[in-house]
Structure formats: C-alpha cells, structure tokens
Amino acid sequence: MHNIGKHLSHINLPEDLRNKFSINDLPKISNELREYLIDVVSEIGNSHFSSSLGVVELTVALHYVFNTPYDLLVWDVGHQAYGHKVLTGRRYRFHTNRTLHGISGFPTRSESEYDPFGVGHASTAISAIVGMAIASKYKGELDRHHIAVIGDGALTGGMAFEGLNHAGTIKDANLLIILNDNCMAIDPNVGALKEYLLRITKQKITPENNFFEALNFQYFGPIDGHDVLKLAEKLEEIKDLPGPKILHCVTVKGKGYKYSEEGNPPQWHAPGAFNKVTGEIKPSQQKEQEPLKYQEVFGRTLLELAKENKAIMGITPAMPTGSSLNIMMNEMPDRAFDVGIAEQHAVTFAAGLATQGLHPFCVIYSTFLQRAYDQVIHDVALQNLNVVFCLDRGGLVGADGATHHGAYDLAYLRCIPNMVVAAPMNESELRNLMYTAQLPNKGPFSIRYPRGNGVLESWKTPFEEIKIGRGRKLIEGNDVAFLTIGHIGNDAQKAVAKLKEIGISAAHYDLRFVKPLDEELLHEVIAKFTNIITVEDGCIAGGFGSAILEFMAENHYSTKVMRLGIPDEFIHHGTQEELHHLCGIDINGMIEAAKKIV
C-alpha cells in the first residue's frame, strides 16, 4: 500500500478539496500530494516524474479556486498532470499509470471528464482553450472559465504563439493562461523567449515593455509557483477579470525531492524506478553487454561523419538527450542546434541550411515529424534539398501510448516525390544508411529506427554505401516469403528459424527501402512464391505492405499476400513487447500467420 496522507485520503474529487478544507489546509495537502507522487512513481518506474512535482502547489490551487470540471483546465504538456489525475478520481488507479489497460500518462478525454483535451504533444493548450472559450461564449455559458497551464518548454513551440496571437483578440472571454516557468523542457529551454522570461523574473518590466501586455493580455507575476496560499489568493483575485490573462509562475522542475532538484534534469524527467530515500535510480533489467540503443549509435555515428564531412549540421527540436544529438552538440556546438519544441521551424531551418550547400541531419521522433508535414513537402521535397531526416522512435514505443507511437511515418513519407524512405534492420545498416544519405546529391532522405536497443555485439562497423532502393535476401526458403522493413526483421529471422523446426520452409527478405522499392528483388520473390507475408512496425493502412500490393497490382500479379502491422486503430499504452503481441507482429504472430497462409 502507498502512503496516503490524512488530508489526501479524503479527497476523491476536486469538490472534496473545495468543500472539506479551508485555504489554510492547502500547504499540508500539497505536501501529501507530493509525497504520494514520489512514493508511487519511484515504485512503478515507467513514468515521468519531475514535471508533475514542479506543479503540485499549482495543481492544488487551481482545483481549489476553480469549479472543475465545469471550468475547463488543460495541461500543456500532459506529463505535468499526475497530481491533477490523483485529485480527479484516479488515485485508486494511479499505480496502473502507463501500463497495459491502466490509466494514460497524459490527460485523455475518454478517461475522465476532468480531462477536456488530450495533450500528449506540446504547445496545443492555448489554441484549445481559445476554441473552448469561444464555444462557451456562443452557448451563453458566460460564467465558465478556461485555463491552460503551459510549461516544460511548450511555449517554445510555434503553435503556442499562434494561439496567443488569436487569444489576445478575445476581449470578453474567461480565458487564463498559466505560464509554468521552470526554464526546462526535458533538457534546458533554449531561445530568446527564455532569456526574456529570465529578465522578467529579475527586474520590473513596465506594461508598455511587456511582451504579453503588447498582445492584449493582462499580465500578472512573476509569482512563486510553490507558495500555494499566494497562488490561491492570486487566482481568486484575477479569475473574474474580463478578457485574456496570463499568470506567470516561477517553479522548479522536480520541486520537493532533493535528488531531482539537484541532479541531472534530463535523467529525472523520466528516471524509471528509484529508491525514494537514497535517490538511487535502479538499474534497468538489460544485460551489461547488451547492444547500444539505436539513438546512441545515431549520435556517435553522426559525430564520426561530421568530422569527415564539414557540410554536416545537426538539428533537433528539444530532444538533444533523447535523440543523442547532444553527443555532437558537446563536441561541435557551432554545428548542432536545439531549436526548442518547434518541429516546423526545425525542418525549414534545415532546408535553409541545405540551400547554401550544407547537409543537415534533422533528428526528430517519428510522432513529432507529423507536426512538420507541410514543411517536409513544401520546403524540402519540392525543392529537392539534401536534408536527412533521422526518425527516432519509429514504430510502437510502449508506455507513452497513442500520442507517441511512430506508427505513420512509412505511410506519410512514401507518397512524397523525391523522398527516399529507408529503415535499417540493425546498427550496421543504420550507419551505412547515414553514410549513404550524406553523399552528394542524394536529396531528401528519411531513415527511421525504433526505440530501444540494437542487436549487434559491435556497433562500429566500417562505412559502406548502400545502393538506394536495393534490398537483400537473408534466408532461403520454399513455402512462404517474409518481406520485412526495419528492425522487426530481426524477429522475422527468429520466426523463420522456429518455422523450420515445425516443417515450414520460410524465406526472409529485408527490403531496407519502402521508397524506392527494389523491384528487381520483388519480381524474383513473386516468381518463386505463391505465399508472401509483409511485416512492419508501422500502420498497415498505406504502409510498407500497401506498397508491395501496389507493386503487384501494377504488374498484374495475383500472389497471396498477408500484411502484418499496426492495425487501423489507435494503440494505447503497454510495454513494447505487449503491444507487438497485441498487434500480431511479434515472433508468435509471424509464426501463426505463416501457418495460416501455408
């Protein structure tokens, strides 16, 4: 059992907080909530941590002052909302956070009426509450409040500025933006706005010199975001003022747990299980000699290539540690850039570099490149620029769930002219694809790889150019052919070995490229096999398997094809292994597919 304080134990919903306690009880409730979060998260070990600790007092004050869920409260980004979940009827299930069939790690509309907007990606809350505020005005709900808590770097995203620009024109809506200013995303915040906010916290800024006042917001603050009494008093004071308002709260990410306050900030963003008394992060279950993560192979390889090719530049939108671009940033700070949570800018910035003869590697999680789709098409592909997109977290990512799975990149990139779409099966292939992509005049080039470890004992293999659009035959067979793309091919090899044990002779081909396809290899496969299984850690609709079917239709083939991949539905959270099984793309799923088709 987890330790629940005597005040917190009586709070099942925010109305309990408002009706059973006085304002003077809020400090004790905040302390109990913080201890409860530390207690549970340290034990379950698959969750975010320091972001929610930094907004404990703010969470308590907001639910005490505002009439949630009638008043609409949106968290940006959602990993700040653990305390919110505990106070809104989910304390009894909080231990299931981010596990299969458990509660989501982010606010989710289908989970609770207290979650009016799903927020797995950053910088969306202001636009959302503008929509909500105008809807309330239209429906005559003039007493309804609309609050966005934006923090953890979300204000570096361009969409947040678009929302601010519109919100400043709404004179008669109950609209409040809480700026949770902790100078952090996962890594430290970057950019001119960060410097401006630092100046505000250190000196008096007059209304005429205030950025937010210039956008027609009433600005309040800065205020200590950990003084729950002052927060509640200030929120009560300003909540009924007409028009758009901003309350600037200065907070500390990881507040109240000294190891997260004093330690390595990116590490405590999502530390895994840890000893809450000593702060010792428990080692993961991986073996000591386990292969490197793909992201680290990417980071080390990019630095290696950049030392030889002076045209190479590195770009990431707020994920230097998560993507391992920090390896290059540390050694070549003038050639590697964190641009904040600004994926659209990252892509067009890369395009600008490419027009001047440089060769940018833009490393973005697959789920986040979705946010820059027009820039990929209009600013890079249409101009046929030499930009390399390295898509980390391709495929099912696990506990982050539906908002973060890299399910769609193979499908949404292969329809773009000039784009090369590739996926390595192992670390050596990743290195060789990166090497190939930075050779002259390769044009827009996408390389996707999964979250997690590779498969090779030695990752640092010599560079070899891979002919674009050339796949490879890995295993001979007679009864059925597996066509795979990317890392999941390693599981296909294991499935082929097990099928051999039960008398099914399966061949395995690693296509390496979804675009262009290896047509010569496909003609060879289809000439030999009447049964084909395609496997991808990506969406079935429009993905790798669809590309194979299109090729067959164009060439009037009628071979039997079974496609394995992520089904046409949103897949929620669980471990990667659980989700692969759920989607039928684990080793057992491939074996069963082969039995069925043969």
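Glu236 is partly exposed in this predicted model, at 42% relative accessibility. Its side chain meets that of Lys239 in a salt bridge, 3.5 Å from N to O. Lys239 is buried, with a relative accessible area of 15%.

Side chains of opposite charge can pair when their charged atoms come close. The structure holds 29 salt bridges. One of them links Glu524 and Lys473, with the closest N and O atoms 3.9 Å apart. Glu524 is partly exposed at 40% relative accessibility. Lys473 is also partly exposed, at 38%.

Lys139 and Glu141 form a further salt bridge, and their closest N and O atoms are 3.9 Å apart. Lys139 is exposed, at 53% relative accessibility. The lysine counts as exposed because its value lies over 50%. Glu141 is partly exposed, at 22%. Its value is not under 20%, so Glu141 does not count as buried.

Salt bridges also occur as a network. Lys85, Arg90, Glu111 and Asp115 are linked in this way.

Empty space was examined next. Rolling a probe the size of a water molecule over the atoms shows where such space is left. The second largest pocket has a volume of about 500 Å³. Its lining comprises 26 residues. Thr108, Gly401, Ala402, Thr403 and His572 lie nearest the pocket centre. By class, 15 lining residues are polar, seven are nonpolar and four are charged.

The model has four cavities of 30 Å³ or more. The largest cavity holds about 130 Å³ of space. A set of 17 residues lines this cavity. Nearest its centre are Gly153, Leu155, Thr156, Asn189 and Leu197. Strand E3 (175-181) supplies at least two residues of the lining, and helix H8 (192-202) likewise supplies at least two. The lining of the largest cavity has eight nonpolar, six polar and three charged residues.

Terms used: Residues numbered from 1 in each chain as written. Predicted model: local features only at pLDDT ≥ 70, side-chain atom pairs only at ≥ 80, totals over all residues. Heavy atoms only, no water. Salt bridge = Lys/Arg side-chain N within 4 Å of Asp/Glu carboxyl O. Buried < 20%, exposed > 50% of the residue type's maximum accessible area, 1.4 Å probe, protein only. 1 Å grid on protein atoms, 1.4 Å probe; cavity = no way out; pocket = protein on both sides within 12 Å on 5 of 7 lines; lining within 4 Å. Points joined across faces, edges and corners; volume = space filled by probe spheres on them. Nonpolar A, V, L, I, M, F, W, Y, C, P; charged D, E, K, R; others polar. Helix = DSSP H or I, 4+ residues; strand = E, 2+ residues; numbered from the N terminus.
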